[in-house]
Amino acid sequence: MRTRAAGLVLVVAALAGCGGNEGGRSSRPLSHAELVERANAGCMEARGRADAAAARLAALRRLHPPLADQDTFANLLAAARKEVDARSTLAVAETPDERADATVSLAVAAGKLTGYARRLGAEECAERAAGTLRP
């Protein structure tokens, strides 16, 4: 019983020491300028990678926006997630209809990502997300 209690105390102490950094995010919100700078850096870093959309999403998820940018940033993250999902769906699509649906979903997600990135001022993210449908 004593060993179990001591183990529990150690676990609680270890978890308490991990506070302030949820999933790589800092505990304090960034300023708007810091958010834009870090978002642009993350998007530039993701450029050219085979998993660019997933890398961009991962970079963005580490950021903690200021209160004034939280809604726009949440929409940006949702669009980035939808872009990753659409790319995954497109990769496994078997029929022309499945490919067409996934391509449309990808274009919509990329368009939304571009719009929200521009609203934040993260032009590097906007440029990297822009895409077009194939004829």
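**View 1. F73, L76, L77, A79, A80, E83, V84 and A86 are the buried residues of helix 4.** Buried means under 20% relative accessible area, exposed over 50% and partly exposed in between, with a 1.4 Å probe and protein chains only. The model is a predicted one, in which local features need pLDDT of at least 70 and side-chain atom pairs count only at pLDDT 80 or more, while totals for chains, interfaces and linings use all residues. Residues are numbered from 1 along each chain as its sequence is written, and side-chain values use heavy atoms, with hydrogens and water left out. Helix 4 covers residues 70-92. Its buried residues are covered by elements that include helix 2, helix 3 and helix 5. From the first C-alpha to the last, the 23 residues of helix 4 reach 33 Å, close to the 33 Å expected at 1.5 Å a residue. The expected span is 1.5 Å times one less than the number of residues in the helix. An α-helix has 3.6 residues a turn, so residues three or four places apart point the same way.

**View 2. The chain has 6 helices and 0 strands.** Helices (H or I, at least four residues) and strands (E, at least two) are DSSP runs, numbered from the N terminus. Read from the N terminus, the order of elements is α-α-α-α-α-α. The chain has 135 residues, and 33% of them count as buried. Of the contacts between residues at least 6 apart in sequence, 65% join residues at least 24 apart. Contact means heavy atoms within 4.5 Å.

**View 3. Helix 2 (residues 32-46) and helix 3 (residues 52-61) cross at roughly 155 degrees, with axes that come within 8 Å.** That makes helix 2 roughly antiparallel to helix 3. Axes are lines fitted to C-alpha atoms, for helices over the stretch in contact, and angles run from 0 to 180 degrees between N-to-C directions. Angles under 35 degrees count as roughly parallel, over 145 as roughly antiparallel, 65 to 115 as roughly perpendicular and the rest as oblique. The crossing of helix 2 with helix 3 is right-handed. A crossing is right-handed if the near helix is turned clockwise from the far one by less than a right angle, and left-handed if anticlockwise. On the helix 2 side the contact holds A39, G42, C43 and A46, and on the helix 3 side A52, A55, R56, A59 and L60. These residues divide into 7 nonpolar, 1 polar and 1 charged. Ala, Val, Leu, Ile, Met, Phe, Trp, Tyr, Cys and Pro count as nonpolar, Asp, Glu, Lys and Arg as charged, and the others, Gly among them, as polar.

**View 4. Helix 3 packs against helix 4 at an angle of about 155 degrees, with the axes 9 Å apart.** The two helices, helix 3 and helix 4, are therefore roughly antiparallel. Their crossing is left-handed. Helix 3 contributes A53, A54, R56, L57, L60 and R61, which meet F73, L76, L77, A80, R81, E83, V84 and R87 of helix 4. By type, the residues of this contact are 9 nonpolar, no polar and 5 charged.

**View 5. L60 lies in helix 3.** L60 has a relative accessible area of 1% and is therefore buried. Leaving out residues up to four places away in sequence, L60 touches A39, C43, F73, L76, L77, A80 and C125. L60 and L77 are 17 residues apart along the chain, and their C-alpha atoms are separated by 7.1 Å.

**View 6. Helix 4 and helix 5 have axes that come within 8 Å and cross at roughly 155 degrees.** Helix 4 and helix 5 are therefore roughly antiparallel. Helix 4 passes helix 5 in a left-handed crossing. From helix 4, the contact residues include F73, L76, A80 and E83; from helix 5, they include A102, L106, L113 and Y116. The contact of helix 4 with helix 5 consists of 13 nonpolar, 5 polar and 6 charged residues.

**View 7. The buried residues of helix 5 are A102, T103, L106, A109, A110, L113, T114, Y116, A117 and L120.** Helix 5 runs over residues 96-120. It has 25 residues and reaches 36 Å from first C-alpha to last, close to the 36 Å expected at 1.5 Å a residue. A110, found in helix 5, counts as buried because its relative accessibility is 6%. A110 and K82 are 28 residues apart in sequence, with 8.5 Å from C-alpha to C-alpha. After helix 5 comes G121, which has a positive phi near 95 degrees.
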